[in-house]
Amino acid sequence: MENHINNLKKIVGDSNALHRKEDIHPFLEDWRGQIKGSTPLILFPNSTNDVQRIVYYCHENDIKIVSQGGNTSLCGANVPNSSDQKLEIVINTSKMNTIIEVDQFNQSIIVESGCILQNIQNTAEDHDLLFPLSLSAEGSCQIGGNVSTNAGGVNVLKYGMARDQVMGIEVVLPDGSLFSDLKSLRKNNTGYDLKQLFIGAEGTLGVITKVSLRLSSSPEREITSMVSVQKVDDAITLLKETKKRFGDNVTAFEFISQSCLVSINKFLNHIKLPLGFEDSWQIIFEVINHDEDALLDFLEEHVNKGLITNGLIAKNEKERNDFWLVRHSISEAEKLSGRGVHHDISLPIKKIPEFLETTIPAMEKVAGKSTVYTFGHLGDGNLHFTKKQPEEMNGDDFMNFSKDINAVVYENAESLGGSFSAEHGIGSKLKDDLVKFSDPIKVDLMKKIKKTLDPKNIMNPDKLIDT
Ligand SMILES: Cc1cc2nc3c(=O)[nH]c(=O)nc-3n(C[C@H](O)[C@H](O)[C@H](O)COP(=O)(O)OP(=O)(O)OC[C@H]3O[C@@H](n4cnc5c(N)ncnc54)[C@H](O)[C@@H]3O)c2cc1C
């Protein structure tokens with residue numbers, strides 16, 4: 001093993017490798033620290049060529065590889081599992097962070113996979129364009145991770161998921177060869193669209209080294225509103241009314257339960273809650289290309305109808321950021337508030353009230369009464385849904401119920417026509433559920449694709465699907 005480690009270190013140089021236990025520690029777990037692993041080696045290649053040489057060496061010597069970006073995975077997809085029987089190393093793309101080209105005529109950008117999402121957004125803005133992919137982890141997640149997880153976020157309602165932004169891709173395949181399809185074309189009907197295979201593959205089919213991304217026109221105006229409502233049915237009615245009034249100009253529609261606000265107030269009390277935390281639900285929504293008066297009229301109308309109980313419109317960028325900070329702080333507050341069983345599900349929007357009405361008591365039957373955090377992308381029917389540890393229960397005892405809690409949540413979601421995984425992916429956490437809830441033909445096809453591209457099972461083994 002020591003011999004392989006030395007040979008692999010030589011490819012990138014000592015300054016681009018971590019081998020000491022104390023240095024490696026931050027690269028061994030998912031963002032919540034719930035799924036932990038091990039590896040003797042983290043490599044930080046500087047180029048596609050470095051990646052090819054590493055992968056070729058690993059392929060020849062049957063060494064497993066986990067690709068890592070910003071390590072913000074919420075399902076353990078980024079965690080290596082090396083053992084005495086199996087050497088599994090990490091390729092971390094942080095040093096491959098060059099913005100290669102911005103094309104304002106074509107509205108596209110080509111970047112290396114280690115570029116941090118926020119840097120791509122800022123570069124687009126510098127060119128009067130918009131890269132609309134946006135999520136709470138945008139300051140640390142990397143575009144290679146976003147593409148590999150087909151990330152969603154707050155603007156899916158108008159602009160779609162990561163998949164919808166990808167025009168071209170470059171991937172080092174499991175044998176070290178290079179699949180290059182980096183064209184920035186909107187039309188290219190030349191057989192199977194193979195880049196789609198690598199989007200959402202969670203690093204199981206290759207290491208993404210570059211991507212070409214679609215940019216959008218910057219909106220002329222952007223108005224952000226924060227409102228409160230009493231019931232989840234009211235939130236859904238408001239979504240319908242907002243879309244009816246503003247159509248495709250609604251870019252985001254996020255909802256937050258009171259329990260999340262209380263938690264922010266308790267654990268992150270430097271964060272301002274513009275509408276306090278008294279109401280059952282708060283909503284942040286954004287409308288583009290309309291003026292403030294149009295939104296003000298809309299809010300007044302729905303306050304008068306009794307749908308909205310309280311509301312604000314951001315008067316400037318600072319206020320807008322204050323609103324969004326509330327939404328983006330929920331995961332951090334949740335993390336600080338102790339153990340929880342987390343879910344990322346999607347549902348037909350009109351079924352959300354029924355889901356909440358039936359699932360919360362069903363979870364209580366399994367593991368007792370406790371706080372539930374509900375928040376997420378209401379506009380897409382995507383709920384982040386967490387049952388916290390009951391106060392009187394020991395943390396480990398509570399976590400022993402996770403499997404049963406998950407079964408209740410996922411079965412209820414699936415029976416209402418939803419999905420057990422909306423945007424965070426499968427990783428190691430949901431592998432069994434993927435098999436349980438998928439058409440067997442889909443599972444069989446996935447295994448065939450994995451076996452064809454990666455017959456030695458080099459790339460991120462034990463994640464997504466077993467062959
Ligand atoms: C606070 C917070 C909020 C979040 N909000 C959202 C959200 O709104 N929407 C959403 O969809 N997700 C969200 N996520 C989870 C989400 O998956 C990630 O934040 C992001 O897309 C992962 O990027 P990363 O660079 O951190 O990837 P990692 O965590 O490092 O890796 C994730 C997966 O991608 C693979 N991977 C990484 N880089 C490469 C590469 N170059 N080639 C091949 N495979 C690669 C890894 O092997 C792994 O399977 C959130 C996470 C956090 C912590």
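**Domains, ligand shell and a helix pair**

The domain assignment of the protein lists four domains: domain 1 (2–92), domain 2 (99–217), domain 3 (222–331) and domain 4 (338–436). The model is predicted. The points below cover the contact of domain 1 with domain 2, the shell around the ligand, to which each of these two domains gives at least three residues, and the packing of helix α14 (residues 352–367) with helix α16 (residues 402–415).

**Domain 1 and domain 2**

- Between the C-alpha centres of domain 1 and domain 2 the distance is 23 Å.
- The contact involves 13 residues of domain 1 and 20 residues of domain 2.
- On the side of domain 1 that touches domain 2, two elements give two or more residues: α3 (48–60) and β3 (64–68).
- Helix α3 provides the largest share of that side of domain 1, with 6 residues.
- By class, the side of domain 1 that touches domain 2 consists of 6 nonpolar and 7 polar residues, and charged residues are absent from it.

**Shell around the ligand**

- There are 35 residues around the ligand, and those that come nearest are Gly69, Ala77, Gly144, Gly145 and Gly203.
- The shell draws on both domain 1 (2–92) and domain 2 (99–217), with at least three residues from each.
- The elements β3, α5 (143–148) and β10 (207–214) supply at least two residues each to the shell.
- Helix α5 gives the largest share of the shell, 4 residues.
- By class, the shell has 23 polar, 10 nonpolar and 2 charged residues.

**Helices α14 and α16**

- The axes of α14 and α16 come within 9 Å and cross at roughly 160°.
- Angles over 145 degrees count as roughly antiparallel, and α14 and α16 are therefore roughly antiparallel to each other.
- The crossing in which α14 passes α16 is right-handed.
- From α14, the residues in the contact are Phe355, Thr358, Thr359, Ala362, Met363, Val366 and Ala367.
- These meet Asp404, Ile405, Val408, Val409, Asn412 and Ala413 in α16.
- The residues of the contact of α14 with α16 divide by class into 9 nonpolar, 3 polar and 1 charged.

Notes: Residues are numbered from 1 along each chain as its sequence is written. This is a predicted model: local features need pLDDT of at least 70, side-chain atom pairs count only at pLDDT 80 or more; totals for chains, interfaces and linings use all residues. Axes are lines fitted to C-alpha atoms, for helices over the stretch in contact, and angles run from 0 to 180 degrees between N-to-C directions. Angles under 35 degrees count as roughly parallel, over 145 as roughly antiparallel, 65 to 115 as roughly perpendicular and the rest as oblique. A crossing is left-handed if the near helix is turned anticlockwise from the far one by less than a right angle, and right-handed if clockwise. Two residues are in contact if their C-beta atoms, placed from the backbone, lie within 7 Å. Ala, Val, Leu, Ile, Met, Phe, Trp, Tyr, Cys and Pro count as nonpolar, Asp, Glu, Lys and Arg as charged, and the others, Gly among them, as polar. Domain bounds come from an automatic or database domain assignment. A residue is near a molecule or strand if its C-beta atom, placed from the backbone, lies within 6 Å of it.
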